[in-house]
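User: I have a structure open and would like to go through it with you. Could we start with the charged side chains?

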Amino acid sequence: MATAVPAPGPTVHAHSRYWVVPAIRALAALAAGAVITFTRDAHTAAFGLIVFGVFALVDGLATGILSWLFAGRRLTRTLFAVQGAIGVVAGVVALALSGGGLGLFLYLVTVWAALAGFLELYNGIRERGRDAAARDWLITGALTAVLALVLLFIPADAVLAIGLFGAWAVIVGVFQGIGAATLRGASRPTADARGAESGS
């Protein structure tokens with residue numbers, strides 16, 4: 001899992017504050033997964049749209065704004081800003097149209113997962129070997145893209161669809177939490193080295 005992130009070196013950079021981004025995203029995903037897990041009797045389309053809407057809004061804001069502040073390359077920050085904007089739009093639509101039914105839930109989550117998954121996967125592939133977070137982006141993007149594919153082919157059943165989203169949220173939340181802890185540890189030697197250089 002994320003514990004295999006390579007140590008920072010001449011070509012692999014661990015940005016000292018970036019770990020905050022996956023930490024907040026992990027909390028948002030785990031909260032959504034917990035709400036879905038512990039309210040099994042309430043898995044209606046309206047419930048799914050509200051949970052997804054709140055999650056997408058928080059995740060989108062964290063991904064877009066904090067990645068712009070803390071991520072590395074400009075193109076990486078731009079792509080995450082776009083990904084965050086997609087999440088915010090999807091969240092607002094889900095909350096505004098929470099009575100839209102199962103079709104809207106499936107459409108919104110599938111489109112969001114396809115777009116967000118592709119952007120994060122692309123960032124992971126493009127920055128592999130250059131950024132310590134790239135492996136986490138690659139895996140999270142792949143899992144999100146898989147969610148989109150699965151939702152395309154499942155039967156139109158609210159309990160199943162919302163349960164799958166909840167399972168994805170738990171898996172990704174745990175992974176991102178581990179990734180945040182790993183990135184925080186990996187960034188410390190870099191920060192210490194910079195402090196030593198500035199003090200010498």
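Analyst: A salt bridge here is a side-chain nitrogen of Lys or Arg within 4 Å of a carboxyl oxygen of Asp or Glu. Please keep in mind that this is a predicted model.

User: Are glutamate 127 and arginine 126 buried or exposed?

Analyst: Glutamate 127 is buried, and arginine 126 is buried as well.

User: OK, and how many salt bridges does the count come to?

Analyst: The count comes to 3 salt bridges. Another of them joins the side chains of arginine 25 and aspartate 59, at 2.9 Å from N to O. This pair links distant parts of the chain, since arginine 25 lies in helix α1 and aspartate 59 in helix α2, 34 residues apart.

User: What does glutamate 120 form with arginine 25?

Analyst: Glutamate 120 forms a salt bridge with arginine 25, and the closest N and O atoms are 3.0 Å apart. This pair also links distant parts of the chain: glutamate 120 is in helix α4 (residues 102-126) and arginine 25 in helix α1, 95 residues apart.

User: Why does glutamate 120 count as buried?

Analyst: Glutamate 120 counts as buried because its relative accessibility is 2%, and the cut-off for buried is under 20%. Arginine 25 is buried too, at 5%, and so is aspartate 59, at 6%.

User: Which residues is threonine 140 in contact with?

Analyst: Apart from neighbours within four places in sequence, threonine 140 is in contact with Arg25, Glu120, Val172, Phe175 and Gln176. Threonine 140 belongs to helix α5 (residues 134-153) and is buried, at 3% relative accessibility.

User: Back to the helices. At what angle do α1 and α2 pack?

Analyst: Helix α1 (residues 20-37) and α2 pack at an angle of about 175°, and their axes are 9 Å apart. That angle makes α1 roughly antiparallel to α2. Among the residues that meet are Val21, Ile24, Arg25 and Ala28 in α1, and Phe47, Val51, Phe55 and Asp59 in α2.

User: New topic: which residues make the nonpolar surface patch?

Analyst: Ile24, Ile50, Val54, Val58 and Leu95 make a nonpolar surface patch of about 350 Å². Helix α2 (residues 45-70) gives the most to this patch, with 3 residues.

User: And where is leucine 95 found?

Analyst: Leucine 95 is found in helix α3 (residues 74-96). Leucine 95 is partly exposed, with a relative accessible area of 33%.

Notes
Residues numbered from 1 in each chain as written. Predicted model: local features only at pLDDT ≥ 70, side-chain atom pairs only at ≥ 80, totals over all residues. Heavy atoms only, no water. Patch = residues over 30% accessible without salt bridge, like charges linked within 9 Å, V, L, I, M, F, W, Y side chains within 5 Å. Areas by Shrake-Rupley, 256 points an atom, 1.4 Å probe, with all protein chains shown as cover. Helix = DSSP H or I, 4+ residues; strand = E, 2+ residues; numbered from the N terminus. Buried < 20%, exposed > 50% of the residue type's maximum accessible area, 1.4 Å probe, protein only. Axes fitted to C-alpha atoms, helices over the stretch in contact; angles between N-to-C directions. Parallel < 35°, antiparallel > 145°, perpendicular 65-115°, else oblique. Contact = heavy atoms within 4.5 Å.
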